[in-house]
Amino acid sequence: MDYAEKCTQINIRSFRDMTKYNSFYETIPKVNSDIEVIQMEFKKTLHYASMGRFGIFHILNAIKLNNDFGEKVMMPVYACDSIAWAIRKAGFEPIYYDICEEDLNGSLDNIKRVAKNSGSKILLLPSLYGNPANLIEAEKFCTESGIFLIDDAAQAFGATLGDKMVGSFGNSGLFSFSAGKPTFGHMGCYFWLDLNYHIKRTKHYLYHRLEYYNFFFNRYGDYNSKRLYRIKILKYISIVLFKLLNIGNDDICGFEKPLLAKIAQGNLKELRDIRTEVIRKVRIPLQGTKYRLIETVRGISNNNKIVLVAENEISARNLMKFFKNNNLYCAHGYHLLDKEINNYPVAASLYKRVIEIPIVLDNERNLLTIKCIEKFLKNCIN
């Protein structure tokens, strides 16, 4: 065996050891699953999109091709900017509405006011942080008003309201996969709609595989208590390829089908129960402090983050600094998507006071998070 062959064998062996050590398969239920199982629970025919933003794009594109609902889409002013990106990419204009102070989801009263003033006939309603939005009442309002309702469960797959899964209300819905969602995976989205729509599929297998390893070696490590292997160059290659390639019409790759289905199935109960226990453990020490825990006000949630609202910006910065000093990740909430913040009194009052702390699939990391919160609050009292 020459030197080159020996190096190749060592590299392959090392790579296998790294993937075994990093493997997040251990956090996924050990059951065989496919998307048909999820469809039965969801009671909808699901279509694949490569990312959540492209799922929204396809839904809006189908609306444009099938019906005349105008060119304005209502969405929350406090939300991920990828939603607004998808709306604009589909040729629509985002129209913003305010949120509720209790759970940070869309305010139905404000939605009604915005619908009346703007004439918009499309409502995109996310269930933020895994807490069901007011979907039953929103669905009733949309039906009576001739408004097309998109039930965005990107952050709430596995949550339920009444006898229905969040994501299955209205005229269409979706859920997606990423590191910051209950459906913790590298990429992908499933959406449904009650309109006829066909996608001319493309394939970028290498990009999907690359994104899988980027998640595997880089993003997964951010949510783990262990020191895992990192291959940082994958992150930069992924960013460049995303800009160069058009993956909006991509079909799902063979290796992704069982993986995404297992992740989704885990959120129907097992992973949801783990997160519920974490929320329960942080609820008690937070009582009577400068920090309010955001919880569901309706239905059964599937919280993938501990979300706190601090008394003021200084209190928020103090907690975030304490987490950083303890090598634990946390982040501010979303930026407001409209500069005219006076039009959104609730969202404006909460701006820079929201703190997001991940609930992960690593029990040891979750315990560190809980202890860090308890220690910080104890220091504040003393």
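## Crossing of helices α5 and α6

A crossing of two helices is called right-handed if the near helix is turned clockwise from the far one by less than a right angle, and left-handed if it is turned anticlockwise. In this predicted model, the crossing of α5 and α6 is right-handed. Helix α5 covers residues 108-118 and helix α6 covers residues 135-145; their axes lie 11 Å apart, at an angle of about 20°. The two helices are therefore roughly parallel to each other, because angles under 35 degrees count as such.

On the α5 side, the contact is made by L108, I111, K112 and A115. On the α6 side, E137, A138 and F141 take part. Sorted by class, the contact of α5 with α6 has five nonpolar and two charged residues, with no polar ones.

## The chain as a whole

The chain has 382 residues, and 53% of them are buried. Its secondary structure consists of 13 helices and 13 strands.

Of the contacts in the chain between residues at least 6 apart in sequence, 72% join residues at least 24 apart. The chain exposes about 18,600 Å², and 51% of this is supplied by carbon and sulfur atoms.

## Helix α9 and its surroundings

Helix α9 runs over residues 256-266, and its buried residues are E256, L259, L260, A261, I263, A264 and G266. These buried residues pack against helices and strands from several parts of the chain: the helices are α2 (35-42), α7 (205-219) and α10 (270-286), and the strands are β1 (47-49), β8 (172-176) and β9 (189-193).

The axes of α2 and α9 cross at roughly 35° and come within 8 Å. The crossing of α2 with α9 is left-handed. Residues I35, V37 and I38 of α2 meet A261, A264 and Q265 of α9 in this contact. By class, the contact of α2 with α9 has five nonpolar residues and one polar residue, and no charged residues.

## T183, between β8 and β9

T183 is found in the loop between β8 and β9. T183 has a relative accessible area of 0%, so this residue is buried.

Apart from neighbours within four places in sequence, T183 is in contact with A154, F157, S176, F177, S178, I263, A264 and N267. Two of these partners, I263 and A264, are also among the buried residues of α9.

## The loop between β3 and α5

Both N105 and D103 are found in the loop between β3 and α5. N105 counts as buried, because its relative accessibility is 2% and the limit is under 20%. D103 is likewise buried, with a relative accessible area of 2%.

N105 and L128 are 23 residues apart along the chain, while their C-alpha atoms are separated by 5.9 Å. Leaving out neighbours within four places in sequence, N105 is in contact with I99, C100, P126, S127, L128, N131, P132 and A133. D103 and S127 are 24 residues apart in sequence, and the distance between their C-alpha atoms is 9.3 Å. Not counting residues up to four places away in sequence, D103 touches P132, I294, E295, V297 and R298.

Terms used:
Residues numbered from 1 in each chain as written. Predicted model: local features only at pLDDT ≥ 70, side-chain atom pairs only at ≥ 80, totals over all residues. Heavy atoms only, no water. Buried < 20%, exposed > 50% of the residue type's maximum accessible area, 1.4 Å probe, protein only. Helix = DSSP H or I, 4+ residues; strand = E, 2+ residues; numbered from the N terminus. Contact = heavy atoms within 4.5 Å. Axes fitted to C-alpha atoms, helices over the stretch in contact; angles between N-to-C directions. Parallel < 35°, antiparallel > 145°, perpendicular 65-115°, else oblique. Nonpolar A, V, L, I, M, F, W, Y, C, P; charged D, E, K, R; others polar. Areas by Shrake-Rupley, 256 points an atom, 1.4 Å probe, with all protein chains shown as cover.
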